[in-house]
Structure formats: structure tokens, C-alpha cells
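Morning, everyone. Please bring up the sequence and the structure side by side.

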Amino acid sequence: MVELKLSSFVISILEKASSFGIDWATNEINSAWNMKKDLGNLERSLRSICATLQDAEGRQSKSYALQEWLDNLKDVVYDVDDVLDDVATRALEKEVHKGLFNQMSHLLVYPFKLSHRIKEIHEKLNKIEADKAQFGLTEHLIDTGEARNSNRETHSFIYEPDIIGRDEAKNHIVAGILTAADSSSHLSVLPIVGLGGIGKTALAKLIYNDVRITDKFNKRFWACVSDVFDLKKVLDGIIQSSTGQSHKQLNLELLQSKLCGLLQGQRYLLVLDDMWNDKASEWDELRSLLSRGGRGSVIIVTTRSSNVASVVKTLEPFDVVKLSQDECMKIFIRHAFRRDEEKDPQLLKVGKSILEKCCGIPLAAKTLGSLLCNTRDVEEWQRIEKDKLWNIKQDKDGILPALKLSYDALPPHLQACFASLSTFPKDYELFTDCLVMYWMALGLLPRTRESKEAITVGTKYLHELLARSLFQDQFVVYDGTIQTCKVHDLIHDLAVLVSQKEHVVVGSENVHFSERIRQLVWDRQDFLVEVNSFFEETKMNFHNKLQKALKARTFASRYNCGTVSKAFLEYLFSTFTTLRVLILSELEFDELPCSIGDLRHLRYLDLRWNRKIKFLPNSLCKLVNLQTLHLSGCDQLVELPRDVDGLVNLTRLVLTSKQKYLLKDGFCGWSSLLYLQLIDCLELTSLTEGFGNLIALRELLIFNCPKLVSLPSAMKELSTLERLVINNCEELDLTEPGEALSMLGGLRSLELVALPKLVGFPESFKSAASSLQYVLLEDCKRLEKLPSFILDFIYLKKIVLHDCPILSKRCAVDTGEDYHLIRHVSDIALTGGSSKAH
């Protein structure tokens with residue numbers, strides 16, 4: 001049973017309701033329909049029910065009926081959110097499209113429908129209120145803090161032959177520990193970091209029991225810290241591992257006194273296993289108590305969190321890597337077969353296929369092997385081979401329960417962001433800026449006055465998940481930005497597990513649809529063969545099934561191909577009217593139906609790599625909530641719609657088009673645009689002077705625009721620009737007009753790649769002297785020297801020069817004739833690392 005954490009979601013909706021600006025509703029329709037009062041009553045009813053949330057969430061694991069009650073409550077909270085969003089959208093539409101509203105219809109029809117919806121929600125809340133009485137719930141203030149009790153314990157014993165593939169890692173760490181023990185350092189701390197189930201504890205046990213360690217240290221201690229940090233419990237665990245006696249009844253003063261007696265003058269090795277707490281103040285207190293040992297003492301801390309490692313380390317953290325397929329196979333065989341048993345070749349063949357689920361994680365190989373140890377039925381093994389990992393029954397020490405500890409330890413806002421990762425395919429390269437916008441579209445980030453504030457929070461969330469080993473394979477560009485990352489396959493399985501009530505994949509297998517589905521992923525591979533025939537031949541049956549998921553907020557199709565009919569798209573838009581995210585990447589259709597304008601809640605639209613579409617309907621411009629529009633790879637797109645300035649919340653635009661001028665009528669409606677990327681705009685010659693209207697723009701990326709001759713002089717208006725990337729623009733001359741690069745007082749990062757006409761920088765570029773920190777110059781062969789005023793760029797932290805032979809020679813450290821211009825820069829690299837287009 002996956003426990004539902006509803007508190008954070010409810011609080012966000014209550015905050016939205018209580019701070020809801022409904023002046024529009026109050027002034028124009030409240031006198032007739034009392035709308036403000038209706039919404040206020042809705043808020044109060046919800047707040048009353050939610051007073052019992054903390055008790056309900058704490059007890060749900062013991063009651064399916066209580067979990068169903070929480071599920072019903074969450075459904076209603078979604079409905080409340082939809083109503084609030086609908087009212088806010090109506091108000092914004094009226095403001096943007098003045099004169100287009102039929103005032104009488106607007107005043108009479110919409111309030112009537114809204115009042116009816118609020119009444120329906122009230123009835124649902126009344127039933128939920130009545131049903132809660134049967135559970136005897138206690139009222140508490142809603143608190144998003146997690147009150148967790150950990151009962152996880154580990155020990156130091158190891159049967160060494162059971163551990164496979166870690167000898168090299170053990171010897172490397174032991175050598176480092178012995179060096180630290182002989183150093184002048186009083187106390188060294190070595191973090192061992194890795195994903196849950198990857199073998200951190202097993203590796204620590206190997207080190208702890210190595211004869212070189214036992215010979216070197218006077219005393220050894222082992223304590224399991226676990227996810228709830230309790231200083232008294234940790235101290236008692238350390239003492240108990242030496243004396244065999246528990247002293248948990250003692251107060252902190254007596255415990256520290258006993259510990260002091262054990263450590264005094266002794267060179268010791270301590271393993272603090274499974275540490276989650278990254279609060280520096282609490283670690284400092286523990287570390288000071290552990291500093292009473294002899295010189296050369298060493299602490300090993302195993303953790304899933306790089307934040308913990310950063311807080312505790314004095315030695316470089318050791319990252320535990322995945323095992324090879326052969327090593328996982330040895331673990332699987334050891335647990336699936338008895339020691340002297342003859343191995344059936346057919347079972348071994350199926351077992352090798354099963355191991356693909358393990359993804360290099362030893363605990364996964366052990367879990368699956370143990371699961372099959374009592375059966376030699378080939379069909380049963382094949383069932384496990386075909387089944388999803390989360391459907392395979394596991395005991396509390398299995399891989400998914402182990403991984404779920406990472407999810408349970410997340411605060412509620414990060415749990416919601418993590419669960420949303422289930423909509424991405426396995427091994428999908430996630431562009432981090434897109435992911436943050438995706439979270440914002442789903443309402444998973446705090447409501448802020450400006451988008452850039454929410455994006456800052458979303459980026460912080462991303463780094464928190466990275467620090468907890470929930471992402472991997474980060475691609476870091478020259479300025480330290482994490483541009484892409486991936487989700488480990490087993491972590492993806494975990495995301496699907498925790499979101500399974502709201503997530504469905506429409507594939508070739510039978511799918512269960514329900515009204516609770518919020519994330520609908522289309523995975524039929526070939527739309528040309530599958531979808532169109534499927535839709536036409538089984539239209540009614542499919543319609544009836546899919547209709548149940550009409551409250552979906554995400555519809556995502558990735559890695560599919562083929563042409564989609566207009567009829568299918570019209571059906572899609574008319575059915576899923578509450579969509580926040582619509583992803584139709586790599587699909588092809590000639591025409592986007594005008595009904596796209598009816599998706600009034602839509603925030604994120606991804607149409608990338610559609611090589612057929614030539615025009616977008618003007619109705620698209622009615623989407624006043626749209627924040628992200630992704631049109632890269634749409635190389636037949638002639639132009640953007642006429643009234644595109646109506647996209648008043650557009651924050652991120654990625655564009656490929658055949659336009660010569662962008663935009664002919666300027667950018668007057670896009671004061672919210674923060675991120676603009678132009679990719680493969682092969683006919684683009686000018687960005688027009690209207691470019692200066694992008695007063696909030698923070699990032700401008702231009703890739704492969706071969707006819708672009710110059711940047712507009714209006715660039716000087718972009719005082720908020722922080723990052724500028726120009727790549728493969730063969731006709732671009734940055735020296736004309738000279739004023740284009742003036743007034744860039746906020747520019748932090750500059751990347752120029754494959755610009756054959758780049759021979760120098762205009763004097764006006766000195767405007768960035770007080771802000772520029774990172775510069776990458778690559779394949780700019782005619783750029784022979786840096787301007788002398790680079791001396792004034794005193795905040796430069798890093799310069800990367802790659803494939804600029806003359807310039808690299810002149811800037812060579814110590815020997816280059818221009819080195820004196822950049823000797824104040826701490827990091828000078830003659831290598832690559834440019835950004836990816838996406």
C-alpha cells in the first residue's frame with residue numbers, strides 16, 4: 001500500500017483560496033450570484049475537514065477504508081483547484097481580450113455554470129465530512145513537517161564471499177583510511193555515497209572487518225543513524241557496539257561522559273551507517289563529542305545524500321558505482337539456486353533477461369534471485385521476466401522497499417515533484433530547465449508574483465533531488481549549470497509505484513482507466529499504424545474507456561512516431577479540458593485544430609519535431625495561462641500566429657521556423673518571457689528592433705541560424721539578460737551594430753561557438769565587466785586575441801578556449817603573450833564543454 005501524503009497539496013490550495021484575488025468576480029457578478037461567499041464557504045468546508053489530515057495520514061497504512069477516504073478528499077481538492085483556476089483564467093481573459101467578451105453572456109451563463117460546479121463540490125465535501133466520523137480522527141493543525149519513526153537497524157557482521165564486485169572499491173578506501181590514520185589530522189571523515197540498494201553498507205562492512213583496519217585501530221564502533229537523527233540514540237548505539245550494553249535510560253550528559261571514557265586517547269574507526277540528516281549544527285555537535293579520540297581516528301559515513309557528504313566530509317567522498325551485468329548475474333545465481341544445484345540452461349537464459357530489471361543494483365539482483373529460489377517452473381520465471389518490478393511481491397528488505405525509504409524521507413513538496421517523473425520514459429534525458437517548467441505547469445511550485453521566483457524555487461527542488469541520489473548522469477556545462485540528467489531505471493520504477501493511482505500508460509496491453517487518473521502517457525509506438533486504425537475501428541469502446549480519465553492534467557506522447565489525424569486531436573482536446581501539460585513531441589500532423597484554444601488551463605505545450613505543421617491556429621493565442629511553448633524541429637513552420645502577443649504568461653519559448661524576421665510586429669506582449677531559444681531558423685536574417693520589449697529575458701540561446709547577420713541594437717534594452725549562447729551562425733558579426741552588446745550589466749555567462757566572422761568584441765561590451773563570470777569560446781578560428789579591456793572584467797571565474805588555435809596560444813598560461821590580460825581568472829581551460837540545443 002502506497003501511503004498518500006495530501007497535506008502539502010491541501011495547504012497550497014487553501015493558500016490559493018484564501019489569497020484569491022476575486023475582485024473581478026466580486027465587482028461584476030457577486031451582487032447577482034454571491035460568488036465570493038460561495039468560494040469562501042468552499043474554503044471553510046475544506047479547511048474543517050483538513051483539520052484531521054495529520055491523524056488520517058498517520059493511520060492510513062492500517063486501513064484501506066481510510067486510504068480510500070483520503071483518495072476521495074484528494075479528488076475534491078483537485079476539483080477545488082480547477083474551480084479557482086477557472087475563475088482566475090476568466091478574469092485574465094477578460095483583461096487581455098478586452099472587447100471580445102460578450103458581456104451579457106459572460107455575466108449570466110458563466111456564473112450560473114460556476115455556481116452549479118461549486119454546489120456539486122460542496123455536496124462531495126459534505127459526504128466526506130460525514131464519512132470521517134467512522135474513523136474517529138483527531139483534529140490537529142495542518143503541518144507539512146514529517147514526523148517519522150525509524151526502526152531500521154544494521155550491524156557490522158559480513159560473510160565476505162556473499163559480497164561480489166567490491167574488492168577494488170574496498171582496497172581503494174582502505175588505502176585512503178590508512179593514509180589518514182598516519183596523518184597529522186586528529187579526526188578524518190570519509191563519506192560513502194550512493195543510491196539505495198547499491199551496496200554502501202556492505203562496502204562499509206568489508207572495510208570495517210578488513211584485517212588491515214583491525215590491526216591499525218585500537219577500537220572500532222558501528223552505529224546505524226537512519227533517517228531520524230537522534231543524538232542520544234546515536235551515542236547509545238556507539239557505546240553499545242563496544243560494551244554490549246544499552247544506556248538509553250541515561251540523559252545526554254551521562255551518555256557523553258561514558259563515550260568520552262571509551263574514546264579518550266584511542267585511535268578509533270567509527271562507521272555511522274545510513275545517515276540522512278544534513279543539518280550542519282547537529283553534525284557539529286556530534287562531531288565535537290567524537291573528537292576526543294586519539295590522533296588518526298577515522299569516521300566512515302554511509303549516505304544516499306550528497307548534501308550529507310558535503311556537510312560531514314574531510315576526505316573526498318567515495319561514490320559507489322553500479323555493478324556490471326556479469327557481477328549482478330553472480331549475485332542472482334547465488335540467491336536463485338542452491339549451492340551445489342545444477343543450473344537449468346533455460347532458467348539461466350530467462351534469469352539473464354530478468355536481470356535487466358536490476359540496472360547494476362546488487363540488492364535488486366538479490367531480491368529477484370531470492371524470489372525465485374523456491375521455484376523451477378520456467379513459466380513462473382517468465383512471468384517475473386515480463387512483469388513490472390512494482391507488481392512483484394517483495395519483503396521489507398527488497399529493493400523497492402529499500403528505495404522507497406528515499407521517497408518517504410522527502411518533504412511533501414518534493415514527493416509531488418518526484419512522483420511526476422513517472423510520465424517520462426526510462427533512460428530519458430531530462431533538460432533541467434524544461435523539468436522545472438513542467439513542475440510549474442502542474443502547480444507543484446509555490447505560487448509567486450513572478451515566474452522567475454517560482455523557477456528559482458524549482459531549481460532548488462531539482463538540486464535537492466539530485467543531492468538525494470534520485471537523479472544521475474548529470475551533464476554539467478562550463479559555467480557549472482546542470483543542463484541535463486537522467487533517472488535511474490529503478491528510481492523510475494519507484495516513481496511509477498508512488499503515482500500508480502494517478503498514472504496510466506496507454507499501450508498495447510489492457511489499461512484500467514479511472515476518474516483518478518491525472519497523468520496519461522500515450523505509448524503506442526507507431527501512431528500511423530496503431531492510433532489511427534485503433535481510433536477508427538474501436539472508436540466507441542476506446543472513447544468510453546478514455547472518457548473515465550477526463551480529469552487528466554497531463555497528456556504525454558514521447559518516443560512515438562507517425563501521423564496523427566485531426567479527428568484524434570479534436571477528440572483529445574474536447575475530452576481532456578483540464579490539461580495543464582500537453583506533449584505531442586515527434587508526432588506529425590498538418591494542422592493543429594482550432595479547439596486547442598479551448599484548453600484554458602494549459603501551461604505547457606510541446607510540439608517539437610513535427611516536420612509537417614506549417615501554421616498554428618490563431619486560437620492558440622487565447623491560452624493566457626500558457627508558460628512553455630516548445631516548437632524546436634518544426635522546420636516547416638512558416639510563422640507564429642498573428643495574435644501571439646496574447647500569450648501574456650509565456651515564460652519559455654523554443655522555436656524553429658522559416659521566418660525571416662522575428663517578429664515582424666515586435667514582442668510587445670511578452671513582458672513575462674524569461675527564456676528564448678532559436679534553433680535551426682535557417683531563413684532568419686533579423687530579430688527586429690522589437691526585441692527590446694523582452695524586458696524580463698534572462699537567457700537567449702541561438703543555434704544554427706546561418707543567415708542571421710547581426711543582433712539588433714535593441715539588445716541594449718535587455719538589462720536582465722544573464723546568459724547568452726550563440727552557436728553556429730556563420731554570417732553573424734557581433735561588432736555591428738556596436739550598441740547591441742551595450743547595457744548588458746547583468747550578463748553572467750557568455751558562450752560563443754562556431755562563429756567564423758567573430759574577429760573581436762565591440763567597445764560597448766565593456767558594459768558586462770561588473771557581472772560576467774563565465775566565458776566559453778569554441779571554434780572561432782578568426783578570433784586571434786582578446787580585447788585589452790578584458791582586464792576590467794574582475795569577476796571572471798572561468799574562461800574556456802577550445803579549437804581557437806591562435807587565441808589559445810596567445811592565452812597559454814604563463815607563456816602566452818596575452819596571458820597577462822587574464823591572469824586574474826582563477827580557472828583557464830583549453831577544452832570543450834559547450835551547451836546542448838534542445
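Start with burial. The protein chain has 838 residues, and 55% of them count as buried. Keep in mind that this is a predicted model. The chain holds 28 helices and 22 strands. Now the contacts. Take those with a separation of 6 or more: 70% of them come from residues 24 or more positions apart. And the surface? The protein chain exposes about 36,300 Å², with carbon and sulfur atoms supplying 49% of that area.

Next, the helix. Find α13, residues 280-289. Which of its residues are buried? Trp283, Leu286 and Leu289 are. They span an arc of only 125° around the axis, so they sit on the same side of α13. What do the buried residues of α13 pack against? Three strands are listed by name here: β1 (187-193), β3 (268-275) and β4 (297-303). The helices α11 (231-243), α12 (252-263) and α14 (306-312) are packed against as well.

Now the strand. Go to β15, residues 652-655. In a regular strand, side chains alternate between the two faces of the sheet. In β15, Arg652 and Val654 lie on one side, Leu653 and Leu655 on the other. All four are buried, so to speak of β15 is to speak of a strand covered on both faces.

Who are its partners? Strand β14, residues 628-631, pairs with β15 in the parallel sense over 4 bridges. There, Thr628 stands opposite Arg652. Strand β16, residues 675-679, also runs parallel to β15, joined by 4 bridges. Here Leu653 faces Leu676 as its opposite residue.

Key. Residues numbered from 1 in each chain as written. Predicted model: local features only at pLDDT ≥ 70, side-chain atom pairs only at ≥ 80, totals over all residues. Heavy atoms only, no water. Buried < 20%, exposed > 50% of the residue type's maximum accessible area, 1.4 Å probe, protein only. Helix = DSSP H or I, 4+ residues; strand = E, 2+ residues; numbered from the N terminus. Arc of directions from axis to C-beta. Contact = heavy atoms within 4.5 Å. Pairing = 2+ DSSP bridges. Areas by Shrake-Rupley, 256 points an atom, 1.4 Å probe, with all protein chains shown as cover.
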